[in-house]
Amino acid sequence: MKSKWLATVLSVGLLTTALIGCSNGNNSDGAEKGEATPEATKKLNIVNGKIEPAASFTTVMGENPGYKYREGESVTDNVFTRWAEDKFGVQIKTLWTGGGTDGSYDTKLKLMLSANDELPDIVMSGSPANTNLLIDSGKFMEVEEVFEKYASPTWKSALADIKDPWLSVTRDGKKMAIPGTSTDYGQSNNVLWIRQDWLDKLKLKAPTTIEELETVMDAFVNQDPDGNGQKDTFALDFAMKDKMTGNLLGDGAWIFGLYGAMPERWYPGEDGKLQNGSILPGVKQGLMKMKEWKDKGYFASDIALHDPNTIVTAVTSNKVGIVAAPSFFIQYPGSMLLATNPTAMFKPYPLPHGVNGPALHTYFTISGGTVINKDISDEALQAYFHYMNSMYAVYESDNPLEYFKGFQEGYQYVVKDGKIVTDEKEIPGGKINSNDYIFGSMPDVSSKMKEITLKVAKKEELTEKDRAFMQALGIADDTNPLQRIVYDAMLISMNEESSRVREHYMGPVTSTMSSRNELLQKMQMETFSKIIYGQSPVDAFDQFVEKWKSSGGDTITKEVNEWYDSVK
């Protein structure tokens, strides 16, 4: 789907000349340097959408080991950075890079803030923890006024597509970071992936209720679905090694959702106040059911040690029949299973209904934001907004493919006989996803992305402009059989949108959270695991609830609702 989707989760203008602040490309006079405000402006010379001479801003970047580069290129110097300078007159200067998957970027970020090193002008963060770290450092500016002054209408409308985008980055009523515009319309929320070949062999239908699910699970364990004559398969796998919910691959939250509760989420109760889902009665029912399933051997005896990597191993070794996961599952790890067992096939299905209707499940969001250095020069500030406005301007282009041609052609496709060719063998040097090089991420106007994605998913007729947007923005077509299954899963997910439970608390870590969260989380995991393993009676849940409340939970609930009352 999106160019950075797999890397991220396994990990956001109207003026075609992309002008800043006014339609003719000229900016009002103002201060040369110092903390930027809407009143402090400096005239930039913009000709046909390009700053002349070029202006720059500084940043820092995380490196993903999965990205590929042509010889001589890197995360800081590549076809995209050169294109941005040539087309927009904006130089993106990187002060340092760090590993985006090994933790070194996070470490260097913390060291930079604590050591009073030179700060970049702009820092983009996809991590709530890092965003909070940056905001709490006090070294970055309030952004509301500069965003209102400099952001293009298209960028603003993209942000307006998001529900409550500013809540997570607001402190004491001040907007301290610009939220990303990426949102979810079916890619990252769970559906139930079931081995269709096992269902077919055992002459079973996909389950729609808890009872039907248990019938399928019993058969997957006891009726030799893989045909090897051994009782060595498990019906279900999910991750609970570090947390009970919120695992992108193999999330077990839906099991509690069958009973109307969602642990590790703050969401409104019947009185409208935020409650912590971990202490609700439905969780106790979910734990009872999980113990029952474990006793029957429906999932592995060492389930407490399972994480997404363990699930990948179970899937690819042909040992498990049911996993809850987002739409990418069929590509990873599903394609790895197909490579060794071509007759195996997972198919997406809706989550079964619970005791009171559709099962609740987690709503995954990509959160974070962009902070701006208090001491940024006015020129660098405008260079940044010029760059962002120019990127969002692709949505207003009559030919979006032509708009991004300068960094995509020869990397993602070539043109032969007037047609786009994306075959790896036809691209000199091989196919490379140059969208990965984009500073930040591909500009995302959710309503437009969703419109085109739904057309593809529903097999509706596409216009030539739709197809141009697909190629330019990295929206996959459905000619690949596995991608077709991805779209099927997305449609199922979108149909279940009303059952998603999103995190309603998006404020900073409260004082009591800082001192008590680790204890409360440890207490929860120990209690839940012991109940599932039969080491404690199910009534131990009631004792846990009381201890959770008295050990800081009640105070945290009060703090959370004080924030909620201040913003809702």
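N189 is a buried residue, with a relative accessible area of 1% (buried means under 20% relative accessible area, exposed over 50%, and partly exposed in between, with a 1.4 Å probe and protein chains only). The structure is a predicted model, in which local features need pLDDT of at least 70 and side-chain atom pairs count only at pLDDT 80 or more, while totals for chains, interfaces and linings use all residues. Residues are numbered from 1 along each chain as its sequence is written, and side-chain values use heavy atoms, with hydrogens and water left out.

N189 sits in the loop between β7 (174-175) and β8 (191-195); helices (H or I, at least four residues) and strands (E, at least two) are DSSP runs, numbered from the N terminus. Leaving aside neighbours within four places in sequence, N189 is in contact with D184, A325, P326, H361, T362, Y363, F364, S493 and R500, where contact means heavy atoms within 4.5 Å. For one of these residues, Y363, the separation from N189 is 174 residues in sequence and 6.1 Å in space, C-alpha to C-alpha.

The chain as a whole comes next. The protein chain holds 20 helices and 20 strands. Its radius of gyration is 25 Å, close to the 24 Å that the globule rule gives for 568 residues, so the chain is as compact as a globular protein of that length. The radius is taken over C-alpha atoms, and the rule is 2.2 Å times the number of residues to the power 0.38. Along the principal axes, the C-alpha atoms fill a box of roughly 75 × 65 × 40 Å. Of the 568 residues in the protein chain, 55% are buried. The chain exposes about 24,200 Å², of which carbon and sulfur atoms supply 49%; accessible areas come from the Shrake-Rupley method with a 1.4 Å probe, and for residues only the protein chains shown count as cover.

The mean pLDDT (the predictor's confidence in each residue, from 0 to 100) is 89 for the protein chain, and 92% of the residues reach 70 or more. Over residues 1-40 the pLDDT is below 50, and this stretch has 119 contacts in the model beyond near neighbours in sequence. Where pLDDT is low, the predicted coordinates should not be read in detail.

Several backbone features remain. Most residues other than glycine have a negative phi, and most peptide bonds are trans. A cis peptide bond joins E52 and P53, with omega about -5°; P53 is in the loop between β2 (50-51) and β3 (55-63). The bond from Y332 to P333 is also cis, with omega near 10°, and P333 lies in the loop between β12 (320-325) and α12 (334-340). G334 belongs to helix α12 and counts as buried at 2% relative accessibility. Between G334 and A344 there are 10 residues of sequence separation and 9.1 Å in space, C-alpha to C-alpha.

In D224, a residue other than glycine, phi is near 50°. D224 is found in the loop between α8 (210-222) and β9 (234-237) and is partly exposed, with a relative accessible area of 22%. N318, which is not a glycine, has a positive phi of about 70°. Its place is in the loop between α11 (308-316) and β12, and N318 is buried at a relative accessible area of 18%.
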